[in-house]
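Trainee: Please take one part of this model and go through it closely, with the cut-offs behind each term.

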Amino acid sequence: MALLEVRRLAVQFPIGERLFRTAKRVLRAVDDVSFEIHSGESMGLVGESGCGKTTLGRAVVRLSEAVSGSISFEGEDITALKCSTLRSRRQRFQMVFQDSHSSLNPRMTVEEIIGEAIEIHRLARTREVRRHRVIALLEQVGLDATHLRHYPHQFSGGQRQRIGIARALAVQPKLIVCDEPVSALDVSVQAQIINLLRDLQQSRGIAYLFISHDLAVVEHFSHRMMVMYLGKVVEIGDTKRICQTPRHPYTQALISAVLDIDPHSKRRRIVLSGEPPSPISPPSGCPFHPRCPIAEDRCRSTAPELRQVSEDHQVACHLA
Amino acid sequence: MAAIEIRNLRLDLRESENVLRVIENLSLSIDEEEIVSLVGESGSGKSLTALSLVRLIACPPARFSGGEILVDGRDVLQMTKAELRAIRGRVVSYVFQEPGASLNPVLTVGQQIKEVLRLHCSEEARDEDVGRLLRLVKIPDPQLRMNDYPYRLSGGVQQRVVLAMALAARPRLLVADEATTALDATVQTQILDLLKELRDKLGMAILLITHHLGVVRDIADRVAVMYAGQIVEMGPTKTLLLRPLHPYTRGLIECVPRLGATAGHLRAIPGQVPRLGSYPQGCRFHPRCAWAQSDCSTREPDLEEIEPGHWVRCPYWKLTSTDTGHEHR
Ligand SMILES: Nc1ncnc2c1ncn2[C@@H]1O[C@H](COP(=O)(O)OP(=O)(O)OP(=O)(O)O)[C@@H](O)[C@H]1O
Ligand SMILES: [Mg+2]
């Protein structure tokens with residue numbers, strides 16, 4: 001049984017004012033997405049800005065509401081759980097955000113920030129026990145007891161990200177959704193955080209939904225991955241397989257746009273015309289067809305479904 | 001010939017009681033038609049260096065406490081306000097990371113470009129001039145886009161508009177400060193290709209500031225790596241990427257995952273990037289260096305030319321190029 005199973009999930013946002021007599025228009029931020037994550041596995045999620053990565057990640061941990069579809073966690077349907085039950089389930093799935101600046105309360109000390117998570121879930125009976133738990137968590141993320149009374153602004157970006165991770169770990173989750181956890185960090189510090197997340201996975205069997213716009217980071221970090229375009233998953237499966245033999249023209253373009261540092265490397269660059277269209281008025285047929293170098297007539301009229309092309313590798317393209 | 005030459009630049013920043021020495025003895029010259037990349041992380045002083053070129057830094061709190069910046073044999077640091085106005089945009093112009101912040105939301109693309117043109121040429125700008133600039137940066141349907149407001153354009157097209165404005169006075173040097181960082185990967189490569197093309201077509205030099213070595217490899221002829229307010233290594237791009245000699249450069253190259261090439265642990269650089277102006281004694285990188293020797297915490301290393309055109313600020317560069325270093329955390 002999968003740890004997380006997402007079926008035909010859709011998240012929409014209303015746009016503009018509801019006009020006289022006209023139907024309310026919506027933006028389909030996540031459109032009919034299905035995938036699963038097994039325990040201890042990391043699933044990468046890549047795609048260009050605005051394609052719906054954050055929205056999908058938030059929906060998975062129930063920070064955004066789905067309009068349709070279902071989310072099951074350890075076999076239990078959590079799509080419609082109400083507040084109190086949801087809170088107890090939240091122990092098992094957590095989120096780490098890109099912007100550690102705004103996701104940590106600036107007026108709370110590190111002890112209070114991490115302690116709060118322990119408190120909410122009633123994981124410690126006394127203050128002393130709680131403090132010990134906080135210190136143990138800090139040590140796991142490479143900080144220590146001397147940091148207890150410090151405030152978020154007294155830390156560097158990388159250290160703040162460690163605090164965010166310690167807070168997520170406080171409740172012993174089985175799944176952590178990491179939304180661009182290293183994008184705001186200095187390059188020399190990114191690797192520290194990526195290594196830390198991996199170590200935690202190995203020692204605690206945590207599963208990740210790892211969101212990033214950096215394909216090389218995703219390839220390095222995830223066992224499986226999915227590529228989103230305009231709210232839809234266009235390719236999903238084993239990471240190595242997708243990166244070595246991408247089948248969707250969009251994935252191929254993304255891979256060719258990765259700028260390698262080796263002066264000897266020669267990669268065929270696929271130049272896409274235009275830029276991602278707006279999710280408010282998505283194109284007909286395949287959402288990628290206006291930029292696709294190989295689009296045909298049927299791509300303009302019929303949207304392709306995901307289909308299996310090899311073991312653990314699915315693609316939504318008529319021509320793949 | 002150099003388009004611009006920085007010699008021994010020093011810049012201080014007053015922060016309440018303290019004077020922070022943010023840039024020290026920085027020398028860098030950029031030839032005509034050359035693309036030079038300045039690489040560094042937050043707080044390394046790379047943007048301040050770029051803004052210094054035509055003194056776009058508020059003084060105080062900043063103060064230029066030494067050095068020269070030479071344009072046509074004249075020192076920018078000695079220029080009057082009027083002289084500075086004359087070189088801004090004409091000799092050096094800038095493109096920054098967030099195109100949205102460089103554009104006026106209540107003016108159409110055409111109006112903003114005309115305003116820039118008016119600033120540089122006395123006479124009234126025409127639609128043809130605007131169209132010519134938009135075509136130069138390869139914006140499709142320039143006649144239509146001219147009448148658009150910035151919010152209607154995608155990030156990539158906005159950045160092209162900003163670029164068109166920066167090119168209005170045909171500068172000799174274009175400074176692109178993280179100009180492709182906020183863009184999607186597929187759009188980033190389009191803009192990088194455009195920059196190379198413009199360099200060839202207009203014969204201008206480019207100073208590209210980035211933290212991304214992949215961008216450097218793609219576009220730069222030469223690269224200078226900055227750490228904590230100093231250049232720590234400088235040389236031709238290929239040499240530097242294939243045979244980095246400074247431990248920091250080596251760390252930067254090794255710590256980023258590469259497509260199809262990395263497994264297991266990444267070689268992280270331990271510790272943190274020092275804050276702007278609060279730099280360690282001795283070699284500023286020594287607390288994070290895997291090869292640090294006992295005198296690295298006291299002795300300030302000089303930037304030395306190891307082979308023609310390849311400069312390194314580390315007396316122990318021979319160690320780093322042969323040995324793999326201590327095990328990292
Ligand atoms: N609260 C909201 N209200 C309305 N629209 C929203 C909201 N949140 C996101 N959107 C829209 O939904 C779409 C998907 O946004 P999302 O933030 O999920 O993208 P993303 O892939 O995470 O992008 P990025 O890489 O820039 O973080 C975008 O068009 C965005 O403008
Ligand atoms: Mg996002």
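**Aromatic rings, salt bridges and the interface**

Mentor: In chain A, ring pairs join A:Tyr208, A:Phe210 and A:Phe221 into a cluster, where rings of Phe, Tyr and Trp (its six-membered ring) pair if their centres lie within 6.5 Å, and planes under 30 degrees apart count as stacked, over 60 as edge-to-face and the rest as tilted. The model is predicted, so that local features need pLDDT of at least 70 and side-chain atom pairs count only at pLDDT 80 or more, while totals for chains, interfaces and linings use all residues. Residues are numbered from 1 along each chain as its sequence is written, chains are lettered from A and ligands numbered from 1 in the order in which they are written, and side-chain values use heavy atoms, with hydrogens and water left out.

Over all chains, the rule gives ten aromatic pairs. One of them is formed by A:Tyr229 and A:Phe288, with centres 5.1 Å apart and planes at 85 degrees, hence edge-to-face. This pair connects distant parts of the chain, since A:Tyr229 lies in strand 9 (residues 224–229) of chain A and A:Phe288, 59 residues apart from it, in the loop between helix 10 (249–256) and helix 11 (297–301) of chain A; helices (H or I, at least four residues) and strands (E, at least two) are DSSP runs, numbered from the N terminus. Both partners are buried, A:Tyr229 at 3% relative accessibility and A:Phe288 at 1%, where buried means under 20% relative accessible area, exposed over 50%, and partly exposed in between (1.4 Å probe, protein chains only).

Turning to charged side chains, the count over all chains is 39 salt bridges, each a side-chain nitrogen of Lys or Arg within 4 Å of a carboxyl oxygen of Asp or Glu. A:Arg92 and A:Glu74 meet in one of them, at 1.9 Å from N to O. Here too distant parts of the chain are linked, 18 residues apart: A:Arg92 is in the loop between helix 2 (83–90) and strand 6 (93–96) of chain A, and A:Glu74 in the loop between strand 4 and strand 5 (76–77) of chain A. A:Arg92 is partly exposed at 21%, as is A:Glu74 at 26%.

In chain B, B:Asp127 and B:Lys114 form a salt bridge whose closest N and O atoms are 2.8 Å apart. Because B:Asp127 belongs to helix 5 (residues 127–136) and B:Lys114 to helix 4 (residues 109–120) of chain B, the pair ties together parts 13 residues apart in sequence. B:Arg10, B:Arg21, B:Glu24 and B:Arg284 are linked in a network of salt bridges.

Between the chains, 46 residues of chain B are in contact (heavy atoms within 4.5 Å) with 40 residues of chain A. The buried area, which is the accessible area (1.4 Å probe) that the two parts lose on being put together, summed over both, is about 3,600 Å², with 56% given by carbon and sulfur atoms. On the side of chain B, B:Thr186, B:Arg217 and B:Leu259 lose the most area to chain A, together 20% of what that side buries. One salt bridge is counted between chain B and chain A, and A:Asp260 forms a salt bridge with B:Arg258, the closest N and O atoms lying 3.1 Å apart. Among the elements giving two or more residues to the side of chain B that touches chain A are helix 7 (155–167) and helix 8 (185–202) of chain B, and helix 8 supplies the largest share, eight residues.
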